[in-house]
Amino acid sequence: MKFNYIKSILLSFSLVALSSCVDDDANYTTSVKPVVSKTSQSATSVMEGETITVSLETNMTYKERMDFKLELVSGGQNADYFVSDADGAEVGATSVDDGFGAFGYKIEFPAYATTHSFNITATRDVLAEATENLVFKLTSTDNGNGLPANGAIMINLEVTNLVSDEVVVVLDFDKTVTYNTIERNIIETDLDDETVGHTTSLCNLADFDLYVGSFYSWASCPEEVSAENAAANPGNTTAPSGPLADGDYPIVADLWGFDLDLDADTNEVLDGDFALPFTLYVNHFGTFNASLDFPSTYFSNNTPSDSGGNGETLLGFLRVVGGDYSLLNANGEVVAAE
């Protein structure tokens with residue numbers, strides 16, 4: 001009996017000690033998590049180029065940043081919008097690599113904040129389009145922190161087509177080209193010659209300029225004559241500030257520069273000439289869009305203007321009659337008209 005009594009006492013001491021150890025090391029957590037909700041949306045209908053602000057609030061502050069993903073679920077395509085923070089700085093798109101899945105935007109609710117806002121801007125484009133009804137979904141990606149009560153916040157936005165007097169003419173030479181060079185390491189022999197293949201955008205090799213009548217674009221790829229581009233690149237781009245007067249406006253491309261950046265140390269030379277393709281787009285904002293392809297007007301052996309050549313080529317004409325636009329080719333034949 002004495003043995004059993006002593007054994008019972010030792011067991012009691014062990015349980016007390018174990019209990020005390022567990023209590024001292026416990027890291028208590030709570031199952032209650034913040035819940036975020038939408039408090040306002042500045043507009044439900046906008047024109048292309050306009051912006052809405054979406055405001056959020058949390059029912060309790062949280063010690064860490066809460067992350068959300070905003071994605072378009074119906075009504076358009078990802079190119080129809082972009083997202084920025086409350087200060088207007090664009091928020092980068094998500095990707096599979098960053099753990100946020102397919103295309104969307106990461107919305108970051110700051111630590112200890114009670115409210116947060118972000119902007120959605122409808123993309124301003126030149127296309128003639130019907131009204132679009134975009135539907136967005138905002139979900140938590142932060143282990144449920146900030147998860148809306150119903151699992152997601154839905155945002156509906158009607159986007160109407162932008163129509164204006166503005167003309168936009170684009171020379172797009174952001175085209176993939178493929179060519180070969182030969183590295184002639186020792187000039188006296190071709191036994192060590194090595195053929196090297198190259199695939200790159202023509203933007204990396206060529207510098208085209210674009211002229212539309214007296215207006216021009218000099219310093220970008222693609223080159224764009226438009227009021228928006230002129231405002232962003234003063235001195236390098238000009239454009240009409242209002243409707244174009246009636247008349248025919250020659251459209252001219254100029255191959256200003258071309259450089260393959262061949263390696264002199266290996267005596268690198270081009271192995272055969274290749275074409276320098278581009279596409280011409282003429283747009284009357286929201287009403288008229290036309291294009292012409294030029295797959296082989298220029299070649300790599302053309303001498304550009306900055307090297308003493310004549311890089312200019314007449315591509316066609318923009319004709320304006322009573323505010324209506326037509327695109328003519330270099331022979332004066334109508335390609336497209338309003």
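Modeller: Let's start with charge. The protein chain has 13 positive and 52 negative charges, and their mean positions are 23 Å apart. Keep in mind that this is a predicted model.

Colleague: Okay. How many helices and strands are in the protein chain?

Modeller: Two helices and 22 strands.

Colleague: And the overall dimensions? What does the C-alpha trace span along its principal axes?

Modeller: About 115 × 65 × 30 Å. The radius of gyration of the protein chain is 32 Å, whereas a compact globule of 338 residues would have one near 20 Å.

Colleague: What share of the residues is buried?

Modeller: Buried residues are 37% of the 338. The chain exposes about 18,100 Å², and 51% of that comes from carbon and sulfur atoms.

Colleague: What about contacts between residues 24 or more positions apart?

Modeller: They account for 67% of the contacts with a separation of 6 or more.

Colleague: Switching topic. How many disulfides are there?

Modeller: One. Cys203 is joined to Cys221, with an S to S distance of 1.8 Å.

Colleague: Where do Cys203 and Cys221 sit?

Modeller: In two loops, 18 residues apart. Cys203 is between strand E12 (194-201) and strand E13 (206-212). Cys221 is between strand E14 (215-217) and strand E15 (223-225). The pair links distant parts of the chain.

Colleague: Is that link left-handed or right-handed?

Modeller: Left-handed, with -50° about the S-S bond.

Colleague: Which kind of peptide bond runs from Cys221 to Pro222, cis or trans?

Modeller: Cis, with omega near 0°. Pro222 is in the loop between E14 and E15.

Colleague: Now the backbone angles. What is phi of Tyr112?

Modeller: Near 65°, which is positive in a residue other than glycine. Tyr112 is in the loop between strand E6 (105-109) and strand E7 (115-122).

Colleague: Is Tyr112 buried or exposed?

Modeller: Exposed, at 58% relative accessible area.

Colleague: And what about phi of Asn267?

Modeller: Asn267 is not a glycine, yet its phi is positive, about 55°. Asn267 lies in the loop between strand E16 (247-258) and strand E17 (268-270). With 25% relative accessibility, Asn267 counts as partly exposed.

Notes:
Residues are numbered from 1 along each chain as its sequence is written. This is a predicted model: local features need pLDDT of at least 70, side-chain atom pairs count only at pLDDT 80 or more; totals for chains, interfaces and linings use all residues. Side-chain values use heavy atoms; hydrogens and water are left out. A disulfide is a pair of cysteine sulfur atoms within 2.5 Å. Helices (H or I, at least four residues) and strands (E, at least two) are DSSP runs, numbered from the N terminus. The radius of gyration is taken over C-alpha atoms; the globule rule is 2.2 Å times the number of residues to the power 0.38. Buried means under 20% relative accessible area, exposed over 50%, partly exposed in between (1.4 Å probe, protein chains only). Contact means heavy atoms within 4.5 Å. Accessible areas come from the Shrake-Rupley method with a 1.4 Å probe; for residues, only the protein chains shown count as cover. Lys and Arg count as positive and Asp and Glu as negative; His and the chain ends are not counted. The place of a charge is taken as NZ of Lys, CZ of Arg, CG of Asp or CD of Glu.
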